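Work through the exercises below with the sequence and the model open. Each task is followed by a solution in steps.

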Amino acid sequence: MLRLEKISKQYASLQVVDKISLDVPPGNIFGIIGRSGAGKSTLLRLMNLLEKPDSGAMYLGERRVDTLSGRELLLERRKMGMIFQNFNLFSSRNVADNVAYPLEIAGLPRRQIDLRVGELLELTQISDKRRARLRELSGGQKQRVAIARALAAEPQILFCDEATSALDPQTTRSILSLIKNLQKFLQITVVVVTHQMEVIRAICEQVAVLEDGHVAESGAVKNVFARPKSSAARELLHAA
Amino acid sequence: MPPNLHEILGLLPQATLETIYMTFASTFLACLLGLPLGIYLFVTSPAGLRPQSAVYNILSRLVNLFRSFPFIILMILLMPLSRLLIHTSIGPAAVVIPLSISAAPFVARVVEAALEEVDKGCLLAAQAMGSTDWQIVRKVLLPEALPALVSGLALTIITIIGYTAMAGAIGGGGLGDLAIRFGYYRFRQDITLAAVVVILILVESVQLGGTLFSRSLLNKR
Ligand SMILES: Nc1ncnc2c1ncn2[C@@H]1O[C@H](COP(=O)(O)OP(=O)(O)O)[C@@H](O)[C@H]1O
Ligand SMILES: [Mg+2]
């Protein structure tokens, strides 16, 4: 689905992503775990085409995407959804209008937008808040709205950057199970970035352990957790 | 009615209307120039949508240069422009042009500051969804910054009211002109006082209106 070949990114003199190669298989939940500062968010911004790598190549399906620019780049970004730790919803818009945003920028007619927004809020089980203002929502409800917005343009891939790190354990579980169900139902690929072992254990099939901008180890979740080879993986296991 | 009061009441309405006219016409034109400039400053700033440090630094310096210029001097320098555009350099209409141009850099900074306060996460989300820069400006930046922009507009109007009073010194008309012509040259402190009171009332109403409007926008969220 998404293939990274020796992707590198440097900020000033700091090598934040160091020759990372990854193969994210389609129709799967892929986990990326690492301590704070390991380079996870930067890696996601690269995957999601918000940043250009200094070197390396990235393919979405068969298509090379890291070299795109202009209109093509925007269209490719529209095929990718993303959710964040702090939700990053637009406070100037109510729930429905947040979900409508990606459809508006794609130029859909209003009637179609309204229908689709209804479906999406249904899908993320937040229909009762359709007309609500954001400050009337709890964290978990906001993340549901953010998920609806991220899925609005029918992306093939959904990126989650610490999507449950601001939520309490119970809400975390409900959001994780929503993501898992949506992945199955919509047959999309999900990439989950987190520093929490529980998140990986709960929904991922495969995991890559990130340390100082490189992949310390990767493989099936059960193998990596049962027999961690890298010190980074062992450390994260102990922390959990 | 004592004769003084009668005289003051005869002079004030005309001068007040002139001040209001100069203020609103100048604010409108200053925003017309300053809003795009402020947006452009933000977009090219280091933390903006499309950082361009060379462009940003040059524009930023120019804006600072204009802003650090004493208003009254700028005004005199820009008077020929009024003569060129509306064929007079005297009266309320003539000062609108230098006023707008002097206030535009101020507006640009106010706009830039308002946009800087927009949550960076929102911009990141909008970019991740494949928005064009223009879509981000129109559908995210400006709506998100609207309460701050409204406060900024009030601040701009208040600053321009102050400028119009100074413009009175060079024949601009309005309350400042009244205060200078009567109060200063003819020792009529009562007229100066009346003009000052009206200016204070104008400033306070704009301040109050701006605060209430901005707050009501925030409460809708
Ligand atoms: N835009 C940037 N400019 C400079 N340094 C950055 C930038 N983004 C991230 N970094 C640095 O890169 C490192 C990794 O950051 P990040 O990718 O956010 O890690 P994580 O998400 O794993 O916590 C940190 O040291 C951070 O300070
Ligand atoms: Mg991060």
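## Exercise 1: the salt bridge between the chains

A:E104 and B:K139 form a salt bridge, with 2.5 Å between the closest N and O atoms. The term stands for a side-chain nitrogen of Lys or Arg within 4 Å of a carboxyl oxygen of Asp or Glu. The model is predicted: local features need pLDDT of at least 70, side-chain atom pairs count only at pLDDT 80 or more, and totals for chains, interfaces and linings use all residues. Residues are numbered from 1 along each chain as its sequence is written, chains are lettered from A and ligands numbered from 1 in the order in which they are written, and side-chain values use heavy atoms, with hydrogens and water left out.

Task: state how many salt bridges the rule finds across the interface of chain A and chain B.

Solution. The rule finds one salt bridge across this interface. A:E104 is its partner in chain A, and B:K139 its partner in chain B.

## Exercise 2: the interface as a whole

Task: describe the contact between chain A and chain B by residues, area and class.

Solution.

Step 1. Contact (heavy atoms within 4.5 Å) links 23 residues of chain A with 21 residues of chain B.

Step 2. The two chains bury about 1,900 Å² between them, and 57% of it is on carbon and sulfur atoms. Buried area is the accessible area (1.4 Å probe) that two parts lose on being put together, summed over both.

Step 3. On the side of chain A that touches chain B there are ten nonpolar, four polar and nine charged residues. Here Ala, Val, Leu, Ile, Met, Phe, Trp, Tyr, Cys and Pro count as nonpolar, Asp, Glu, Lys and Arg as charged, and the others, Gly among them, as polar.

## Exercise 3: the shell around ligand 1

Task: which element gives the largest share of the shell around ligand 1, and which residues of the shell include polar atoms placed by an oxygen atom of the ligand?

Solution.

Step 1. The residues around ligand 1 (a heavy atom within 4 Å) include A:Y11, A:R35, A:K40 and A:R45.

Step 2. α1(A) gives the largest share, four residues.

Step 3. A polar backbone atom of A:G39 is 3.0 Å from an oxygen atom of ligand 1. For the side chain of A:S41, a polar atom lies 2.8 Å from a ligand oxygen, and for that of A:T42 an N or O atom is 2.5 Å from one.

Step 4. Ligand 1 taken alone exposes 560 Å², of which the protein buries 59%.

Definitions and conventions:
Polar contact = N/O pair within 3.5 Å; in protein donor to acceptor, adjacent residues only side chain to side chain. Areas by Shrake-Rupley, 256 points an atom, 1.4 Å probe, with all protein chains shown as cover. Helix = DSSP H or I, 4+ residues; strand = E, 2+ residues; numbered from the N terminus.
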